[in-house]
Amino acid sequence: MNALKVTDLCKTYIVNRRQNNVLRNVNLEIEEGEMVGIMGPSGSGKTTLLYTVSGMDTATAGTVRFFGEEMTGLSANQVSDLRLRRMGFVFQQMYMLKNLSIYDNIVLPAYQSASGKEQRREINERAKVLMTKLGISEVADNDISEVSGGQLQRACIARSMINNPKIIFADEPTGALNKQNSREVMKELNRLNEEGTTIMMVTHDVKVASRCERVFYIEDGNIRDEMDLGKYAEDGERARERELNNWLMRLGW
Amino acid sequence: MGVMWFEILKKDLRKQKSVNVILLLFIMLSTIFLASSVSNICLVMNGLETYMERANVSDVTAVFGGEDEREAFERWLDGRSEVTEYVGEQLCEITADDISGSFEANGASLYLGAVGGRYARPLDSDGNDLVLRAGEVAVSPGLMERNGLRVGDGLQFQVSGRTYRYRIAVETRDIMFGNEMSGMGRFLFCREDYEEMVSDCANTKIVVYGFNTADPEKTLAAVRQQGFTLLVNIYDRSIYSMLYVFDMIVAALLIVIGLCLILISLMILRFSLSFTMEENYREIGVMKAIGMRDRAIRRIYLVKYFALVAAGAVIGFLLSMPVGKGMAASVSRNMVLGDSAGAVGINIVCSAAVIVFVTAMCVAFTGRLKKISAIEAIRSGGSGERYQRRRGLSLYKRKHMGTVSFLGLNDILCNMKRYLVLFFTFCISFVLITVPLNTLTTMESDEMASKFSLNPDAAVYMDRLEAEGEAPYHNTADLENALRRIERELAGQGYEASLSVGALCFINYTVNDEEKVIKPLTNYPIGENGGYCEYSAGEAPRLENEIAFSRKIMEANRLEIGDTVTASVGGRERRFIITGYYSDYMQLGESARLNPAIDMSEELLSGYWKATVMMETALSQQELADRMKQQFPQYEWVTAQDAIDANIGTTKDTMSAMQLPMTVMLCLLIMLISLLMMKLFIVREKGQLAMLQSIGWRRHDIRMWLVMRMVWVVLLSMVFAVPLSMLCDRFVLRNIFAIMGAELRIQVEPLRAYLLYPAVLLVGIVAATYFATGSVRRINASDMKIAE
């Protein structure tokens, strides 16, 4: 089943009375359980594509189907509910509420959608499991200013997973991290994907993109090409990177 | 460098448009209030001196309740070397019933008098001596207003069974009788008309003596030591400052509001400045890195705020002049004001003071810039090494709290400083609303009534016991007869009532073994409730040789319960034991209470206090008074509130009239501040709001979170505001009431003061905040790029 089906998607901004067509008739399909990467030069429309298909921004034209459900006709509240319960988000900047601890930031979306003490207890259980899996249990009560960038990004991943989403949208998830932290974060995303979560990720990093099953190359608001790398396996990492690099060079990257 | 300077200024003006406008508005309002109120108070204070000069107020004024002791008193004055000159002026007592058209005197004693006296001369509105022709009468503004009279209207007086018709020619400025606080009012005629009216009149004629003396204090003390039984009152010029102090109340209140506005402006300014600096950290860092001096950077901010403050103060100054004129016009109805040319100067000084003070505070606030190093500024406030642990709560530990409510409370606890402006504003607004409210509640309470010796359990009170055509009573026998007569008349109409009254006279007491003589107003109870009083210590005098004094007299003369005083009562010298003391407003807190057993039939009374009517009735005092007025129109029936109002002048009316507009104004003010602050928070937290949207929060929930934040600020500020209001009641209000001679417990209606009014404030604040959060609709999840 298609997790996401995008048809003739267009997004136009008017800047200083000039029309700027950021997305031009984008068509793509992502299967449930897939991990896809979106690559392309700066200003090509990668982030806009991610924001538009996830309902964070509105499309100028075209349709987006999320697990068969048409998103473009939904009200703002319905889109918010979709994002809260069925989507997860990880951003390059680790946006969190600075007045809350790491733990509270993680459980916040789930508490917001929960009703009753019993549900909160379940959320707490789920949060503890997630934090243990992501290796951040020991910083649960810390402030967001007291942890490393890698720990913070893993906390963001935990937050995105707290409502058991069907899909995670990640915008440059390792962009602000060092090599070691990037590796840890990508390992977690791969593990989540293995457990069945669909992931759509925008990245500049060939090493990061090589962990995806499929990579789309976007240029001037259009999908120019796509590459099928197959399911990620750690032992074939170098070969995947090389293959992806060659493909990108062919596209003029 | 210049470009960056200009860019910061431009960005600040654009981003903080509403803050700048509000700041301008606040500075303008505080300048208006301060400049006009200060100049008004100066005008009244200087005006009082001018008024007294023009009216030729004597050093000492003595009021005699009859003419019998005139000769003796003038002989005594002739023998005093320090008394340079004196004049006694006769006034004829009348009642409101003697005047046409159900005349309302608000409990004041009314007199007829003639123009042309030497002291305390009545003037016209321009401050000139009053000149009246035959057939003309002059009336004071208070009486005119209360009875809806205008110059040119006709007035009829019934004196000695004859009717006299006059035309109101002038609204007089009468320094002694024109102020409602004096409890007296007079109608003035030309000498011939007055003589004609009172020549055959049996009404009491009082005599007002004015005399100049080289040593007013010595003369006052000497007069008090004499045994003039008809001497009702004696005072020096200082009494006028007290009578007219209430004309400054509105101005004083506006000064307080003006000062509060300045304080709030300063807090907004501080908030706005720190917000601007945080926003511009990077620019500040760059400017510092390229070698710009701190002073030059500070100038960027100071220039803007100086321009803003100066503009607000100049507009405020211009508007303060018509406002000040309006305030002076309301005061000039009661008195003749002097030259107001100096008022402009005072307005200028006040406006300049606002500019200097606020700018100085701006300089102090920008001092923080010095502490920011270039690297800190470039890193947007973080040195990269120091972290401060937040002081918030844990969401997962608050099992019963919704996320919206939790986030609201947690934000405040984490950033207390940020909410100080709101906290302070809400507290002050609450106190400014509850203190006048509690003042009014106290003025309408049983506690206040008891301080005026009014039994709160009485069915109704009587202000006049004399039957139609009878002269005022001046002995106890007349009073006792009147009480029995009225009881019979009431019984005839089916009212089983018991009447009692406190007879009033001035008696000389020798205290401290003949070292000192005092002459306080003495209350002699006739009937069961005639001596109603709440004693602070000891008990009421019962036996023939017992007496009680007010606390003020006890303290001033170092008297204790059990001490003795001597006095000549009933023609012989007696010794009295003090059995207790009390604290009330009778004669400004200086009075005595005699036992009911003593024979006072020989004593000449100066008058009597309100007669207490006790009876079984389901009617309220007001309903019964209205009914009695219809059934027994020959007497004056009053409620406890009427009696209180007559004694505290127009203060209650003024406060009552100001209560609603002031509450509305404060409510609007805090709504404006809440709106402004919320808008600032939204600009500042745009990134966080966008992040919440990205993780699926609905806009409505985000708005609710922001509204809940304000609700928590209101609730927390009330926790401090209620005790603060109680402290103000205890230490400010109580002392103000004590000026009248006694301490009283400030009365509070808890539901109204601590529930209804905070609820009204809360509703206003929530409405303003919800309105301000409308801008959340324009924030999208994609705005996270502008995160804090």
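Two residues are in contact if their C-beta atoms, placed from the backbone, lie within 7 Å. By that criterion, residues 24 or more positions apart account for 83% of the contacts in chain B with a separation of 6 or more.

The model is predicted: local features need pLDDT of at least 70 and side-chain atom pairs count only at pLDDT 80 or more, whereas totals for chains, interfaces and linings use all residues. Residues are numbered from 1 along each chain as its sequence is written, and chains are lettered from A and ligands numbered from 1 in the order in which they are written.

The C-alpha trace of chain B spans about 95 × 60 × 55 Å along its principal axes. Of the 788 residues in chain B, 44% are buried (20 or more other C-beta atoms within 10 Å of the residue's own, with C-beta atoms placed from the backbone). Chain B has 24 helices and 22 strands; these are DSSP runs numbered from the N terminus, with at least four residues (H or I) for a helix and at least two (E) for a strand.

Chain B is divided into the domains below, with bounds from an automatic or database domain assignment.

| Domain of chain B | Residues |
|---|---|
| Domain 1 | 1–51 + 247–385 |
| Domain 2 | 58–236 |
| Domain 3 | 401–452 + 649–788 |
| Domain 4 | 460–616 |

The C-alpha centres of domain 2 and domain 3 of chain B lie 51 Å apart.

The contact between the chains takes 26 residues from chain B and 30 residues from chain A. On the side of chain B that touches chain A, helix H14 (403–414) and helix H22 (686–694) of chain B each give two or more residues.

Methods. Buried ≥ 20, exposed ≤ 12 C-beta atoms within 10 Å, placed from the backbone.
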